[in-house]
Amino acid sequence: MREQIKAIAFDLDGTLIDSVPDLAVATQAALAELGLARCTEAQVRTWVGNGAEMLMRRAMSHALGTDVEQTALDAAMPIFMHHYQENLEKHSALYADVHQVLQILFDAGFKLAVVTNKPYRFTLPLLEAFKINDFFSLVLGGDSLAKMKPDPLPLQHLLAEWQLDKSELLMVGDSKNDILAAKAAGVASIGLTYGYNYGEDIGLTGPDAVCEQFVEILRWLNLAQPV
């Protein structure tokens with residue numbers, strides 16, 4: 001299977017970038033503005049993965065002690081979006097070896113894409129801030145298409161856009177949303193252990209491989225690893 005891979009789709013948060021520090025600051029600021037109890041960064045790490053609205057739904061429901069009403073959530077989202085825009089890359093960081101590995105994959109001729117549930121308006125600026133945007137010929141945010149991961153639509157869009165067979169695409173991510181999307185699309189997947197997966201073992205979702213470090217992707221693809 002791995003010998004057929006021609007393109008790789010990467011998740012963003014928890015895979016390429018540790019973005020929780022900034023998401024936590026934005027979530028805390030939004031909750032404070034709404035008059036709700038603050039949350040911790042550790043809690044935000046367990047709430048990330050299903051898009052900005054779900055993050056705020058979980059944060060507000062936790063603060064309220066009950067499910068938040070949709071009208072209240074709708075009113076809160078612009079507040080969160082404002083604070084996240086102000087704290088997009090202040091405390092976030094690339095994970096180890098990400099830039100170097102992306103360069104190797106790019107130079108080896110792989111088509112690279114970002115498929116994230118983060119709103120597109122935040123995705124591209126974040127890639128640019130960490131100087132990895134040029135590696136990707138296609139970037140899909142959580143609001144780029146009608147559905148987002150774990151739905152297979154984003155990966156199906158990639159397959160159609162790049163005219164690939166299912167055997168030629170690999171999905172790399174840290175969340176069960178990434179692995180479930182890959183399985184539903186019929187493509188290979190690698191689960192990373194260091195990201196955000198709601199405190200669950202990524203291996204339980206059944207990816208084709210589990211990697212503890214980003215650089216191990218090269219080994220799975222039978223490519224030389226950097227010294």
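**Note on the aromatic pairs**

1. Tyr 84 counts as buried, at 1% relative accessibility, where buried means under 20% relative accessible area with a 1.4 Å probe and protein chains only. The model is a predicted one, in which local features need pLDDT of at least 70, side-chain atom pairs count only at pLDDT 80 or more, and totals for chains, interfaces and linings use all residues. Residues are numbered from 1 along each chain as its sequence is written, and side-chain values use heavy atoms, with hydrogens and water left out.

2. The rings of Tyr 84 and Phe 122 have centres 4.8 Å apart and planes at 75 degrees, so this pair is edge-to-face (rings pair if their centres lie within 6.5 Å, and planes over 60 degrees apart count as edge-to-face, under 30 as stacked and the rest as tilted). Because Tyr 84 lies in helix 4 and Phe 122 in helix 6 (residues 120-129), the pair ties together parts that are 38 residues apart in sequence; helices here are DSSP runs of H or I with at least four residues, numbered from the N terminus. Phe 122 is buried, at 0% relative accessibility.

3. The structure holds 6 aromatic pairs. In one of them, Phe 80 and Tyr 84, the ring centres are 6.0 Å apart and the planes at 15 degrees, so the pair is stacked. Both residues lie in helix 4 (residues 70-86), 4 residues apart, which is about one turn of the helix, and Phe 80 is buried with a relative accessible area of 1%.

4. Phe 10, Phe 136 and Phe 214 form one aromatic cluster.

Note on methods
Helix = DSSP H or I, 4+ residues; strand = E, 2+ residues; numbered from the N terminus. Buried < 20%, exposed > 50% of the residue type's maximum accessible area, 1.4 Å probe, protein only.
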